[in-house]
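Below is a note for someone reading this structure for the first time. Please keep the model open while going through the numbered points.

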Amino acid sequence: MPQQFASDNNAGICPEALAALTRANAEGHVPGYGDDEWTQKACARLRELFETDAQVFFVFNGTAANALALAQLCQPYHAVIAHAFSHVEEDEAGAPALFSGGAKIVTADTALAKLTPQAVDALAKKGRRGVHHVKARALSITQATELGTVYTPSEVGALTEMARRHGLKVHMDGARFANALATLQCSPADLSWRAGVDVLCLGGVKNGLAVGEAVLFFACELAAEFEWRVKQAGHLNSKMRLVTAPWLALLEGDVWLSNARHANAMARRLSERITNLPGVRLLAPVQANGVFVELPPAVQAALREKGWRFYTFLGETGCRLMCAWDTTPETVDRFAADIAATAMSR
Ligand SMILES: *Cc1c(COP(=O)(O)O)cnc(C)c1O
């Protein structure tokens, strides 16, 4: 199948992760449920990379990571403050509400899919009506955002400072944390716990794994009994090594960052080739591995006719063009040339 721009999850497993899976598999019989050396090493490597003694868990996917982490922070009558475009609000079929037993997501629709301290303040204050309104308990921020933008460490810090003022815990949906890190060139710690994040859902799948996202609790007391929540939800893998051996390969030698840097570079390349075309307008600066762009419906139809796959994301013209760890410059150039040809011929 040809490469597409529909999602970074259309790509397969990266070679380093696949080789690690094969090597771990060749070891024969190994104890289950994470009682193995790959899982120990993957946790240790994450603690080393994040320069802190985090509690680390692995679940099958990002929806479970987010929903279980938020459930851990919230009682059923609590609220989670998130962006209106966020995955927890838009793309999880109510999983955070299910796993928390009722917690509600309250949203702000701020520019570029980035929350602001003012928006967090306003939503948190709504709880002042006492028992009649859900009580704000957590702030959820997405890094990189669902519009391919990033929060700088100081922007994260300003949000978490506002969160603290209202007694909120801070969750970060880091399905594309590596892409944000590659852009910002800061340390993982500076972009997470040092900036006030309590729990990070760290994505591996879009970065080159087959399965498995990590949940890192930096405030270790928040992780109490989390393993039961994971097990009850059906997210404790009995053959854990087959998830954590590829994770370890992604983290060793910083493959996660080189994969992310490559995907980001392909997004920049694509945006540079199409931004000045007639009818084409960027909806957000390209700061991670996605290009969010307005394409006239006729251009979209012509591109789909040529076999290209991508999502119309916002209204009828807002398109999401995602690049992956394996997207080649040739694919980008062919796609850009087809966009140019259709845009110019109108
Ligand atoms: C892909 C993604 C997730 C995880 O989705 P799953 O399909 O459940 O693994 C979470 N958050 C964001 C922002 C995503 O893009």
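1. Start with helix 8, residues 177-184. Six of its eight residues are buried, so helix 8 is largely enclosed by the rest of the structure. Bear in mind while reading that this is a predicted model. The buried residues of helix 8 are Phe177, Ala178, Asn179, Ala180, Leu181 and Ala182. They pack against strand 5 (169-174), strand 6 (199-202) and helix 11 (255-274). Just after the helix comes glutamine 185, with a positive phi of about 50°.

2. Next, the division of the chain. The domain assignment gives domain 1, residues 15-254, and domain 2, residues 255-344. Between the C-alpha centres of domain 1 and domain 2 there are 27 Å. In the contact, domain 1 takes part with 29 residues and domain 2 with 22 residues.

3. Now the nonpolar interior. In soluble globular proteins, nonpolar side chains tend to be buried together. Here the largest nonpolar core contains 60 residues, and Leu139, Leu202, Leu216 and Trp256 have the most contacts inside it. At least three residues of this core come from each of domain 1 (15-254) and domain 2 (255-344). There is also a second, separate core, made of 24 residues, with Ala64, Leu70, Leu73 and Val80 among them.

4. Leucine 216 deserves a look of its own. Which residues does leucine 216 touch, if those up to four places away in sequence are not counted? The list is Leu46, Phe50, Ala54, Gln55, Val56, Asp198, Val199, Leu200 and Leu202. Leu202 in that list is, like Leu216, one of the residues with the most contacts inside the largest core.

5. The largest pocket has a volume of about 670 Å³. Sorted by class, the lining of the pocket comprises 11 nonpolar, 12 polar and nine charged residues.

6. Rolling a probe the size of a water molecule over the atoms shows where empty space is left. How many cavities of 30 Å³ or more does the structure hold? The count is one. The space in the largest cavity is about 30 Å³. Its lining is formed by His83, Ser86, Ala113, Leu115, Ser140, Ile141, Thr142, Glu146 and Tyr151. Strand 4 (residues 135-142) supplies the largest share of this lining, three residues. By class, four residues of the lining are nonpolar, four are polar and one is charged.

7. Last, arginine 346, found in the segment after helix 13 (329-344). Is arginine 346 buried or exposed? Its relative accessibility is 58%, and the cut-off for exposed is over 50%, so arginine 346 counts as exposed. Arginine 346 and alanine 195 are 151 residues apart along the chain, and their C-alpha atoms are separated by 48 Å.

Terms used:
Residues are numbered from 1 along each chain as its sequence is written. This is a predicted model: local features need pLDDT of at least 70, side-chain atom pairs count only at pLDDT 80 or more; totals for chains, interfaces and linings use all residues. Side-chain values use heavy atoms; hydrogens and water are left out. A nonpolar core is a set of buried Ala, Val, Leu, Ile, Met, Phe, Trp, Tyr and Cys residues joined through side-chain atoms within 4.5 Å. Buried means under 20% relative accessible area, exposed over 50%, partly exposed in between (1.4 Å probe, protein chains only). Domain bounds come from an automatic or database domain assignment. Contact means heavy atoms within 4.5 Å. On a 1 Å grid over the protein atoms alone, a cavity is a set of points where a 1.4 Å probe fits but cannot get out, and a pocket is an open set with protein on both sides within 12 Å along at least five of seven lines; lining residues have an atom within 4 Å of a point. Grid points are joined across faces, edges and corners, and a volume is the space filled by probe spheres set on the points. Ala, Val, Leu, Ile, Met, Phe, Trp, Tyr, Cys and Pro count as nonpolar, Asp, Glu, Lys and Arg as charged, and the others, Gly among them, as polar. Helices (H or I, at least four residues) and strands (E, at least two) are DSSP runs, numbered from the N terminus.
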